[in-house]
Amino acid sequence: KETEEVFKVKKSSYSKKIVKQLKKEYKEDLEKSKVRSEVNSPTDVEPLLEKTGQIKDTGQEDGTANSEHGEEEMEVESEKEEEKPKGGGAFSSALSSLNVLRPGEIPDAAFIHAARKKRQMARELGDFTPVDSEPGKSRLVREDENDASDDEDDDEKRRIVFTVKEKSQRQKIAEEIGIEGSDDEALVAGEQDEELSRWEQEQIRKGINIPQACIYQPAEVNNLYYQNTYQTLSYGSSYGIPYTYAAYGSSEAKSQKTDNTVPFKTPSNEMTPVTIDLVKKQLKDRLDSMKELHKANRQQYEKHQQSREDSTKAIEILEGSSGGIGEQYKFLQEMRGYVQDLLECFSEKVPLINELESAMHQLYKQRASRLVQRRQDDIKDESSEFSSHSNKALMAPNLESFGRDRVIYQEQVKRRTAEREARRARRRQAREQTGKMADHLEGLSSDDEETSTDITNFNMERDRILKESSKVFEDVLESFYSIDCIKSQFEAWRSKYFASYKDAYIGLCLPKLFNPLIRLQLLTWTPLEGKCRDFETMLWFESLLFYGCEEQEQVKDDADISLLPTIVERVVLPKLTVISENIWDPFSTTQTSRMVAMVQKLVDGYPSVVNAENKNTQMLLKALLLRMRRTLDDDVFMPLYPKNILENKNSGPYLFFQRQFWSSVKLLGNFLQWYGILSNKTLQELSIDGLLNRYILMAFQNSEYGEDSIKKAQSVIACFPKQWFANLKGEKTISQLENFCRYLVHLADTIYRNSIGCSDVEKRNAREHIKQIIKLLASVRALDHAVTVANDHNVKELKILIEGK
């Protein structure tokens with residue numbers, strides 16, 4: 001490569017004269033070699049070496065050309081020959097100076113000719129040393145190696161091993177120095193034959209080594225290959241020069257001259273013999289590898305196909321699910337807006353509902369308070385009227401000495417007395433019409449009759465409140481105040497998206513949501529009235545009765561199942577608490593019976609709500625107890641008169657005393673109606689300690705001892721629950737009834753003493769009365785007192801009386 005570039009640069013440096021001289025000398029040498037049969041010494045080449053010399057380029061320094069000079073000076077320098085201790089022969093030692101070249105110097109044509117001649121002569125003499133065995137390789141071989149390495153380093157001109165060379169180096173040199181084809185016909189012919197033979201060989205190698213030629217090899221491997229190739233082949237064969245410079249006498253030379261070229265041989269260490277089996281094996285291996293690759297690609301293809309199908313199915317599933325999610329999102333957004341509007345509506349309407357409910361409660365409370373106050377005033381008036389020790393000044397301490405306020409007070413007393421007597425007369429007339437006059441006792445009836453004025457005012461106010469309640473939602477759409485519409489919205493949510501419905505705790509929110517609407521419907525609901533409608537037959541109850549009870553399987557811990565019990569707890573129980581505290585009158589047997597029936601219904605029908613652990617239930621029971629205690633403290637009055645005053649049964653004090661006694665007995669019965677709802681301890685405290693021992697026993701002691709007292713005692717014992725005495729063990733009754741049992745024993749003794757000295761009829765009557773007393777003591781399980789009475793009065797039918805209790 002360097003030689004070609006240098007020749008391109010220094011084309012004008014060589015003159016035709018020198019070239020012709022070289023050709024001439026070359027021909028002379030050939031003639032001399034023909035004549036000489038044997039070459040014993042290399043003296044014949046000395047003149048040539050003297051004539052020829054190395055061309056020194058004085059016009060270029062450091063690898064740069066000086067193109068301004070027309071010709072460059074050529075200097076031939078002779079190098080000193082180094083004597084070798086072990087030479088390859090006489091001819092080799094004589095021309096050893098030809099092997100020495102300075103680095104970077106380019107051999108001229110004469111040097112090349114001499115080197116070739118030297119090698120030819122050494123080969124003929126049998127004194128030839130291979131190129132690769134010489135310790136110091138020739139400059140030409142090194143330059144060839146450098147050329148090969150440079151070729152391999154050049155990425156643009158990298159070549160495959162078996163390729164056709166465009167032109168030999170000798171041809172390029174000849175073209176550079178201007179040798180025409182006509183000047184050296186033999187050279188051109190030899191080169192053409194050599195090129196043709198080399199092309200054929202290379203085409204054969206190409207066909208065999210196509211796969212190997214396509215494989216990329218590093219630059220170092222190519223360089224080694226080219227070096228080995230050049231070292232194995234002879235110098236002349238690498239350049240395609242025929243061996244016509246050898247001696248004409250040798251047969252080898254003649255055969256070489258006839259063939260004109262040496263065929264290119266594949267190095268034994270680089271190539272293996274190519275056979276059909278080898279080609280078949282390579283093709284089979286290649287086919288197997290392609291099959292394996294095809295199989296792998298097929299598996300990968302099937303894998304991708306399966307992945308594609310799975311992805312398509314996933315997309316379809318996601319598209320379907322996303323559609324449902326979109327609808328759910330849309331529905332939930334609509335529900336969110338609906339609930340927000342509903343809450344905004346309730347935030348404005350609930351205060352109005354609370355005001356209407358308070359107004360209605362206040363109306364009923366005023367009526368109940370008016371009736372209670374009237375009863376208390378009547379008791380005060382009668383007590384002051386029939387009291388022998390009363391003083392009008394004491395009854396009216398704020399009266400002035402002039403008597404003006406006393407006159408007003410007396411007028412009010414007269415008015416109340418007239419109204420009271422008128423009410424009693426109307427009730428007496430009603431009993432006569434129904435035939436209940438004989439069984440009636442004064443004081444058992446409830447004086448709850450109202451005047452027409454009070455009734456009219458009450459109804460007017462009640463109608464006004466109802467009218468206002470009907471206007472609460474007149475400016476609101478039906479879907480925001482109708483229980484059915486609101487229920488349908490949440491039922492749709494529950495049926496479509498139960499998971500989100502449950503996560504939103506709608507089952508816990510619905511009772512509070514329906515609370516205002518239900519309270520508006522219960523505005524006039526009062527279970528104390530006879531015409532009051534049962535809340536289980538109202539529209540809101542029927543509408544919510546089957547909410548959350550679809551045909552599908554019920555979910556565990558579903559809050560919708562307890563919707564109605566929760567509404568009863570949060571709506572009905574608070575309303576009953578208000579009624580018990582402000583409206584219920586314990587003196588009224590009718591109201592008490594209705595109230596007890598309502599609470600008992602809640603206890604039986606809603607046991608999960610109406611129990612001792614529920615706060616609303618506890619508040620209701622506390623309200624009942626407070627109302628009974630207040631009645632016991634404020635409304636019960638038992639007058640005390642001398643027995644001589646009570647002897648006249650038609651007198652006012654006697655009637656007043658009897659009325660107060662029976663009203664107390666009625667109150668005792670009303671208290672004991674709460675048995676099973678209130679605890680026994682509470683009931684015994686209220687009824688026995690608070691009422692019987694405190695008031696009724698005082699009336700027994702002031703009454704006459706006889707048949708009337710026994711009837712009263714029977715009425716008192718009839719109020720007691722039988723369950724109190726069913727489970728008693730022993731012969732004693734409950735401790736609170738000890739005073740009452742002693743009174744009965746004393747009553748038996750008194751009857752017996754009063755019968756002494758009387759007729760037999762009276763004695764038999766007295767004995768019958770004693771037997772009745774024993775029977776009463778046995779009914780309250782006071783067996784010890786019954787045995788005592790029987791022993792004291794020789795009553796032998798004790799066992800019969802006890803068993804027939």
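Leaving aside neighbours within four places in sequence, which residues is Phe720 in contact with? Contact here means heavy atoms within 4.5 Å. Phe720 is in contact with Leu668, Leu672, Ile688, Leu692, Phe725, Leu737 and Val780.

Before going on, some housekeeping. This is a predicted model, where local features need pLDDT of at least 70, side-chain atom pairs count only at pLDDT 80 or more, and totals for chains, interfaces and linings use all residues. Residues are numbered from 1 along each chain as its sequence is written, and side-chain values use heavy atoms, with hydrogens and water left out.

Now the core. By nonpolar core I mean a set of buried Ala, Val, Leu, Ile, Met, Phe, Trp, Tyr and Cys residues joined through side-chain atoms within 4.5 Å. Buried is under 20% relative accessible area, exposed is over 50%, and partly exposed is in between, with a 1.4 Å probe and protein chains only. The largest such core has 128 residues, and Phe720 is among those with the most contacts inside it, along with Phe490, Phe535, Trp540, Leu602 and Trp674. Helix H13, residues 276-386, supplies the largest share of this core, 12 residues. Helices are DSSP runs of H or I, at least four residues, numbered from the N terminus.

Thr592 is found in helix H22, residues 589-605. Is Thr592 buried or exposed? Thr592 counts as buried, because its relative accessibility is 0%. Not counting residues up to four places away in sequence, Thr592 touches Trp584, Asp585, Pro586, Asn670, Gln673 and Trp674.

Phe490 takes us to helix H17. Phe490 is buried there, as are Ile483, Ile486, Lys487, Trp493 and Arg494. Seen down the axis of H17, the buried residues fall within an arc of 120°, so they line one face of the helix; the arc is that of the directions from the helix axis to the C-beta atoms. On the other side of H17, Ser495 and Lys496 are exposed.

Next, the salt bridges, each a side-chain nitrogen of Lys or Arg within 4 Å of a carboxyl oxygen of Asp or Glu. The count comes to 26.

Lys281 and Asp285 pair at 3.1 Å, N to O, and both lie in H13, four residues apart, about one turn of the helix. Asp285 is partly exposed, at 37%.

Then Asp475 and Lys349, at 3.0 Å, N to O. This pair links distant parts of the chain, 126 residues apart: Asp475 is in the loop between H16 (452-470) and H17 (483-496), Lys349 in H13. Asp475 is exposed, with a relative accessible area of 59%, whereas Lys349 is buried, at 8%.

Last, Arg659 and Glu382, whose closest N and O atoms are 3.3 Å apart. Arg659 lies in helix H25, residues 652-672, and Glu382 in H13, so the pair ties together parts that are 277 residues apart in sequence. Arg659 is buried at 13%, and Glu382 is buried at 5%.

There is also a network of salt bridges, which links Arg367, Arg370, Glu450, Asp454 and Glu529.

Finally, how many disulfides are there? With a disulfide taken as a pair of cysteine sulfur atoms within 2.5 Å, the count is zero. Among the cysteines, Cys345 counts as buried at 11% relative accessibility, and Cys741 is buried at 0%.

Notes
Helices (H or I, at least four residues) and strands (E, at least two) are DSSP runs, numbered from the N terminus.
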